[in-house]
Amino acid sequence: MKKDYSVWSLFRQGLAHNEGWDPAWRSADPKPSYDVVIVGGGGHGLATAYYLAKVHGVRNIAVVEKGYLGGGNTARNTTIVRSNYLWDEAALLYEHALKLWEGLTEDINFNVMFSQRGVFNLGHTLQDMRDIERRVNANNLNGIDAMALTAAEVKERIPLIDISKSARYPILGASFQPRGGVARHDAVAWGFARAGSRYGVDIIENCEVTAMDIADGRIKGLLTSRGPIKAEKVGCVAAGHSSVLARMAGIRMPIESHPLQAFVSESLKPVLHTVVMSNAVHGYLSQSDKGELVIGAGIDHFNSYAQRGSPHVIEHTAAAIIELFPMFSRVRMNRQWGGIVDTTPDACPIISKTKVRGLYFNCGWGTGGFKATPGSGHVFAHTIAHDQPHPLNVAFDLNRFHTGHLIDEHGAAGVAH
């Protein structure tokens, strides 16, 4: 029977507490075995399952999540999407993701609210501007949209920003990527979950992996809080807890987990229509559709799995943002939080097979994971399905930390996020 989606139907359903609606995705119980199990029910894991089903025809797939779907870093980021990285390997991977973002709403038939409002990376010193010129030229050579702007051109596009020479952080210019922007993080998780579910993917929440069943150098399955699950292949996409999973397989990952800070203001009328990032300040901000100023800071320098903020980090970032936008000094902070990010020595991810046959890891995205979500899932699905890397993630193999072929994006990308 066809559902009635008229205005009166929506009103009636609201009064009935939405009891008549079908769930967006199936909440499944674990089956005894699967062809592929994805560990981690965030954006990357759900995207991997979706592309495994849609592109590679794998039908017996489960996504296991120890908490609720999308409750990790997917729900604890500031939603910026861009691809203006310096090195070819990183830039091409993120550009692949950005092109998928541009058609994602139509592809998964779910509005992810992707808004290409542009991304500015500010330059405060002569060295900043040299780095910006270098990165813009590298982007253009890779077919990625980027341009270098003067301080006056930045002021013309962002009237609220302070470019005076007496400013604490004088602005000499910026890079600008017009196709960059923001998306709705929750919608990304919900959309991939619904789209994967329609291909038969089992989404299993509150199912924590406690051990791995490995025999003769091959993965056989997982032990979970909801019982054992056999699997031909296992893909781990657990962000800050990836090293914990790797240890279960006897693998020491070259990653560290750190809390990453962010906070939002009270809601305002629309005043900022783009994304502004600063490496010197190590802060960045945009305005959400609800009117909140979404402000991100850097990572805490200590290792931790804490999902909370540190007052000194918030205080420093708020002070720096106020120097860039003096009018925001009158705005009150609404709430703050921390997410757990996994960082590698070269600030680039690991998308790789492991020494255990049938076991794959996608981790180490640090502070740049959200923007890569569809691209990460797409290339990781290829790696799992074919037991060989996609051309775009060949360089992100785990063995690069043994060979020394690193992709050092630490200082190259304008800002870590």
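Which backbone oxygen lies 3.0 Å from a polar atom of the side chain of Gln287? The backbone oxygen of Gly291 does. This is a predicted model, where local features need pLDDT of at least 70, side-chain atom pairs count only at pLDDT 80 or more, and totals for chains, interfaces and linings use all residues. Residues are numbered from 1 along each chain as its sequence is written, and side-chain values use heavy atoms, with hydrogens and water left out. Helices (H or I, at least four residues) and strands (E, at least two) are DSSP runs, numbered from the N terminus.

- Gln287 sits in strand S14.
- Gln287 is buried, with a relative accessible area of 4% (buried means under 20%, exposed over 50%, partly exposed in between, with a 1.4 Å probe and protein chains only).
- The Gln287 side chain also reaches the backbone nitrogen of Leu272, at 3.1 Å.
- Leaving aside residues up to four places away in sequence, Gln287 touches Arg117, Leu268, Lys269, Pro270, Val271, Leu272, Glu292 and Leu293 (contact means heavy atoms within 4.5 Å).

**The eight-stranded sheet**
- Eight strands make an open sheet with mixed pairing, in the order S5-S6-S4-S13-S14-S15-S12-S16 (two strands pair if DSSP finds at least two bridges between them).
- Its edge strands are S5 (147-150) and S16 (333-343), each pairing on one side only.
- On average, neighbouring strands are turned by 20° against each other, direction ignored.
- Within this sheet, S13 (residues 275-278) and S14 (residues 283-287) pair in the antiparallel sense over three bridges.
- Met277 has Tyr284 in S14 as its bridge partner.

**Two hairpins in a row**
- Strands S9 (residues 209-215) and S10 (residues 218-224) run antiparallel, joined by six bridges.
- Val209 stands opposite Thr224 in S10.
- The hairpin of S9 and S10 has two residues between the strands, and Asp216 takes a positive phi near 55° there.
- S10 is also joined to S11 (residues 227-236) by four bridges, again antiparallel.
- A hairpin of two residues links S10 to S11.
- Leu222 stands opposite Ile229 in S11.

**A helix pair**
- Helices H3 (residues 88-102) and H10 (residues 373-386) pack at about 110°, their axes 7 Å apart (axes are lines fitted to C-alpha atoms, for helices over the stretch in contact, and angles run from 0 to 180 degrees between N-to-C directions).
- H3 and H10 are therefore roughly perpendicular (65 to 115 degrees; under 35 is roughly parallel, over 145 roughly antiparallel, the rest oblique).
- Leu93, His96, Ala97, Leu100 and Trp101 in H3 meet Thr373, Pro374, Gly375, His378 and Val379 in H10.

Conventions: Polar contact = N/O pair within 3.5 Å; in protein donor to acceptor, adjacent residues only side chain to side chain.
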